[in-house]
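Please read these notes with the structure open beside you.

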Amino acid sequence: MSRTATARTPVRTLLAVCALAAATLAAGPAPGPAAGPAAGSGGSPLREVLLVGNNWEGTADVLASTGNMERLGRMNMIPDKEERLREIYLNPVRLGYFLGIRAAAGEGHDQFVDDMYTTPDGSAVVASRPSFADVVSIDVTTGRINWRFPVAGYRSDHMAVSPDGTRVAVSASTANTVHVLDIATGRQVGSFPTGDKPHENTFSRDGRYLWNSSIGDVTSALDAPWLDWTKGDRKITVVDAQTFRPVRVIDMRERLDAAGRSDLSDAVRPMAFGPDEAKLYFQVSFFNGFVEYDVAADRVTRIKTLPQNPATSTDRTTWVNDSRHHGMSMSPDGSRLCVAGTMDGYATVVDRSTLTEGPLVPADKPYWATVNGDGTACVISESGADRVTAIDFATGAKRVSVPVGDHPQRVRLAHVPRNWTPPTR
């Protein structure tokens, strides 16, 4: 198995890199993803919303970002479905991957929409579509495709938008590549190689760095702990967001081992930085809990184990894509973490200072967690129940649930024109 081991780097060099990373991850409250301007093109006012990607259905629900999160409308994210399917069925290799995605990651379903952001002017939704191996920009008024970018390989996955909203990064999971695109035109402005199966992407607060975590193979049945080495080359790759050259590569295997947890997988899943970006919190495959990592010291500082649901199968091959827990977000003040306990059927708010969890809020296969528009609640997607649920950061109690489309996964804050109505396409 190929591994990138930063322990082989001279100590002085490693410490210098750590210091550089700590200095550049500047202190101060982190802005919400793709916050966008207060007005769109031509000065038209914008409304903040929540976008919910209904993965199996190929739609995106648009919800109010605060209050009772009423549904404002729904967009079709696969208006070109027939054209794409025609191309796939005429290409045996692409067809093989398409059917493989359906059988494995899709749990018997096609994956039509994964991640989404809106352009700074609120005129378009940019979405990754795993089964179609692409990223598209769809006009929020007409429902028509503005541009389409086919990724390298055969599957697109998680995305991230730069703090200024002008660039979007997307993982090409079968090509071990991250593409960075101009969000307005779809033109590639850069790319970089990763470990096996790039997954989560996160820009630093100042936009200077882009973090990517690769999770390796999550679809094989080789899930026993002693077969962990079969999962591939997993690492965090940090690149300069202008040159796309790596400035740091982190092999969490070594850091977890040093913390006495060689039993944990080093496949880093959803992650959340603290407001000053000095600490990184992340989930790993198969684990009911999360890890705290000190960025400057380059070491794991705390590990939190969350409750197991007695009803959850102990057969690791039944846990969807190796993700026992999948979904994390942090309150804007950095005092609370919201954790989606996917296979254990709950979500909970954790006090960041003590790592004490609050009430376990029952949830049906929660698969993502984000922050609502006013920062007072965590919003989780309940992919098993086709709804999203808001959980109060202060009390840890459920506020409201809203029905959405088939198999919601990613939820993102976004902006649309204030008087937006859904397109008819």
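1. The largest nonpolar core has 19 residues, and those that touch the most other members are Trp211, Ile236, Met252, Leu280, Phe282 and Tyr293. A nonpolar core here is a set of buried Ala, Val, Leu, Ile, Met, Phe, Trp, Tyr and Cys residues joined through side-chain atoms within 4.5 Å. Buried means under 20% relative accessible area, exposed over 50%, and partly exposed in between, with a 1.4 Å probe and protein chains only. Two or more residues of this core come from each of E13, E14, helix H4 (252-258), strand E16 (268-273), strand E17 (279-284) and E18. Helices (H or I, at least four residues) and strands (E, at least two) are DSSP runs numbered from the N terminus. A second, separate core of 16 residues includes Met75, Met77, Met116 and Trp420. In soluble globular proteins, nonpolar side chains tend to be buried together.

2. This is a predicted model, in which local features need pLDDT of at least 70 and side-chain atom pairs count only at pLDDT 80 or more, while totals for chains, interfaces and linings use all residues. Residues are numbered from 1 along each chain as its sequence is written, and side-chain values use heavy atoms, with hydrogens and water left out.

3. Which residues does Leu280 touch, not counting residues up to four places away in sequence? They are Trp211, Ile236, Met271, Ala272, Phe273, Val291, Glu292, Tyr293 and Val295. Contact means heavy atoms within 4.5 Å. Trp211 and Ile236 are also among the core residues with the most contacts to other members.

4. Trp211 also has a place in strand pairing: its bridge partner in E14 is Val238. Strand E13 (residues 209-214) and strand E14 (residues 236-240) are antiparallel and pair over 5 bridges; two strands pair if DSSP finds at least two bridges between them. Both belong to an open sheet of 4 strands in the order E12-E13-E14-E15, with antiparallel pairing. Strand E12 (198-203) and strand E15 (246-250) are at the edges with a single partner strand each, so one side of each has no neighbour in the sheet.

5. Strand E18 (residues 289-294) runs antiparallel to E19, and 6 bridges join them. Glu292, one of the residues touched by Leu280, stands opposite Arg302 in E19. The two strands E18 and E19 form a hairpin with 4 residues between them, and Asp298 in the turn has a positive phi of about 55°.

6. Is His325 buried or exposed? His325 counts as buried because its relative accessibility is 0%. Its side chain makes a polar contact with the side chain of Asp344 at 2.8 Å. A polar contact is a pair of N or O atoms within 3.5 Å; within protein, one must be able to donate a hydrogen and the other to accept it, and residues adjacent in sequence count only if both atoms are side-chain atoms.

7. Gly334 is in the loop between E20 and strand E21 (336-341). Gly334 counts as buried because its relative accessibility is 5%. Leaving aside neighbours within four places in sequence, Gly334 is in contact with Pro275 and Arg352.

8. For the whole chain, there are 4 helices and 28 strands. Of its 425 residues, 57% count as buried.
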